[in-house]
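These are my notebook entries from a reading of one structure.

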Amino acid sequence: MATPQSMPDGAPAAVVVIDTEGTVIGWTPAAQELLGYSAAEILDRSGALLLMPERAATWDPSYGDGEPWSGFAEARHRDGTRILVRVEGSRLITPDEQASWLVTVTPAASAVSGRACSWMEPILSRSPVAVAIWDRDLRCVWLNAAAQRLQTVFPHYQLGRSLAEPLPGVNTEAAQEAMRKVIVDGVPQLDREARWTSVDQHEDRTLSTSLFRLEGVDGRPLGVCSVAIDISHSRARDRLALLREASVRIGSTLDVRKTAQELADLAVPAFADYVTVDLAEAVLPDTEPLQRLAATDVRIPVFRRAGVASIHEGAPESLWQLDQAVFVPSSSPFTAVLSSGRAHFEPVLDTSPGSWIDQDPDRARIVRGTGMHTLIIVPLKARGDILGVAVFVRNDNPERFTRDDLILAEELGARAGLSLDNARRYTRERTAALALQRNLLPRNLTGAGAVEVVSHYLPTDVHEGVGGDWFDAIPLGGGRVALVVGDVTGHGINAAATMGRLRTAVRTLAYLGLPPDELLARLDDLLVRLSEEDAGPDGFPLDPTGATCVYAVYDPATRRCTIAGAGHPPPAIVAPSGEVFFPRPPSGTPIGLGVGSYQSFELELAEGSLIALYTDGLIETRQADIEAGIDRLGAALAHAAALPLEQACASVIGTMVGETGSEDDIALLLARTCVSTSP
């Protein structure tokens, strides 16, 4: 659709006179300039020539019944192009007393900007809301100043430019589809949020756009009007964005202190200038009991500081460092929040004589010295327990907190409270499981003169918690020694308890002198029986448990090592020369399935050989398969083979795990066969 701009502001509007039969009986020079027809070409002809599409209807029934009318329409230029125009009609009585219509025709751009309706100009042109009109070809035929200011991020806001026109770095397919849908079905689309970025990537804007169909005086769709509001810095939107970010950032780990710090870091500076998270003693069980700390005449120890953040380097607002006890007056809002479970809100922080802050000289000094002027304290609650408080303060930001800010702070506190509770429960269970496992694992390994032996156990850092890895070295008759490493499926207390039962069973079976394959078969049968005894009312185990295991017996007299495996990674053997190989015994099924069939194999070891038994946490990662991990382990063992055994063990763990932490529990047992000293 064409967008003629030949009529400057202030030029006379095109005027046409049409009788009640629809015949043109009056034509002005401005009409010729706008539509291209001369008076000789159009007078005494049907006015339908001027409309798109052609129509023979008379003007009277279509456009009014004796009253002035106005609206948009599509006019036909002499060259065949379409022009979106605004038309206004008034009834006219000619000298011969015949009824007719006086029609004023103005291009849409000029009409909306003020020529035909000047009272709209201050509303539309100066409005901070971006308004634009697009014809049926999605070409911009009018826009106000606010829309023009958005051209850096949305360059299609330009007279005569179509949304379908491709521009580098700008994708308008979604906008085109939405506008065409509005033109077809006439249903407005409201509050369509879209993010636009400038071509140079230096500017981002988020626009909320509403679209509605522009209809002609005859009801036909002529185009779309778009109304866009820049919500890039909307308070409501910023609050929603902060809550969305909170759901991602708070509770990313099951660590109480990290969770508390995540809340503080999230809120500064997006919401507050200074934030502290202080937790009750029960949430931090590994700290010194607060009851043992001496109170003063005006303050008592109630919390420990678990998180702090400030817009100022070093957090000069904080009286206490992380993990230190936080003292508060017994009548302060901190203790009130802790006891009542309700937030404390001071939009204007009261520092006058006799206020609660006046009873706390140290806090009063910090408040006045740093310019704190508005305060929110919210409880951190979960499942009926109050875990601590979060304190939000502003000092540099002159705006006081509002009731809406209080609601946001309470929502942040509620989300943090649940995350803290999850972390607390996980920490308790992990601590208990770790203590149980360490008590069940051997503390002093001995190779009984057959081997020199060391071990290393590394619990996982990931959310699943402590697993059921175990290791052991069992002296046997005849100077022999049994070496075992196993891995119970699952994590937590149950896995650790099952590990203890299996370790005891392996020792008992080993003392019977059973060969490795028979020992694993007996162990498989035992675990099946234990699962059946622990079955629920439906006959199924309440906590089905399995395990993998590798069991080896070394005889120094013959230097032969007999090994059997149950779904476990293969052992590693390092020859005195430093060569590493992984013998692959026939691998049976994991223990606990009840279908195990195990086979032993033997190999002769040179004196000074190194035997490495380990769990899959040492070699398996999400980024690589087990075979790649075995290759890495072989290289690490070759590098550490000449080191003393303790150093070799530490070197292998350091090489395989590094600083990233382990994704699963790790158990590593190294045994070096002793060198004979006989002549």
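The entries below go from strands to salt bridges and then to pockets and cavities.

**Entry 1. Basis**

I note that this is a predicted model, in which local features need pLDDT of at least 70 and side-chain atom pairs count only at pLDDT 80 or more, while totals for chains, interfaces and linings use all residues. Residues are numbered from 1 along each chain as its sequence is written, and side-chain values use heavy atoms, with hydrogens and water left out.

**Entry 2. An open sheet**

I looked up a sheet and found 5 strands in the order β7-β6-β10-β9-β8, open and with antiparallel pairing. Strands here are DSSP runs of E with at least two residues, helices are runs of H or I with at least four, and both are numbered from the N terminus. Two strands pair if DSSP finds at least two bridges between them. In general, strands of a sheet pair through backbone hydrogen bonds.

The edges are β7 (140-143) and β8 (189-197); each has a single partner strand, so one side of each lacks a neighbour in the sheet.

Arg-213 has Val-224 in β10 as its bridge partner.

**Entry 3. A buried strand**

How many residues of strand β27 are buried? I found 8 of the 8 residues of β27 (residues 666-673) buried, so the strand is largely enclosed by the rest of the structure. Buried means under 20% relative accessible area, exposed means over 50%, and partly exposed lies in between (1.4 Å probe, protein chains only).

Both faces of β27 are covered. On one side I listed Ile-666, Leu-668, Leu-670 and Arg-672, and on the other Ala-667, Leu-669, Ala-671 and Thr-673.

Strand β17 (residues 451-458) pairs with β27 in the antiparallel sense over 8 bridges, and Glu-452 has Arg-672 as its bridge partner in β27. Strand β26 (residues 610-614) also runs antiparallel to β27, with 5 bridges; there Ile-611 is partnered by Ala-671.

**Entry 4. Salt bridges**

I recorded 23 salt bridges in the structure. The term stands for a side-chain nitrogen of Lys or Arg within 4 Å of a carboxyl oxygen of Asp or Glu. Side chains of opposite charge can pair when their charged atoms come close.

In helix α7 (residues 173-185), Asp-185 and Lys-181 lie 4 residues apart, about one turn of the helix. Their side chains form a salt bridge at 2.9 Å, N to O. Asp-185 is partly exposed, at 32% relative accessible area, and Lys-181 is partly exposed at 47%.

Helix α8 (residues 235-249) holds Glu-245 and Arg-249, also 4 residues apart. Their salt bridge spans 2.7 Å, N to O. Glu-245 counts as partly exposed at 33%, and Arg-249 at 32%.

In helix α14 (residues 516-533), Arg-529 and Asp-525 are 4 residues apart, and their closest N and O atoms are 2.9 Å apart in a salt bridge. Elsewhere, salt bridges that share partners join Arg-383, Asp-385, Asp-421, Arg-424 and Arg-425 into one network.

**Entry 5. A pocket and a cavity**

On a 1 Å grid over the protein atoms alone, a cavity is a set of points where a 1.4 Å probe fits but cannot get out, a pocket is an open set with protein on both sides within 12 Å along at least five of seven lines, and lining residues have an atom within 4 Å of a point. Grid points are joined across faces, edges and corners, and a volume is the space filled by probe spheres set on the points.

The second largest pocket holds about 320 Å³. Its lining has 18 residues, with Asp-238, Arg-239, Ala-270, Phe-271 and Arg-394 nearest the centre. Helix α8 gives the most to this lining, with 7 residues.

I also found 4 cavities of 30 Å³ or more. The largest cavity has about 240 Å³ of space. Of its 21 lining residues, Tyr-274, Phe-334, Arg-363, Met-372 and Val-391 are closest to the centre.
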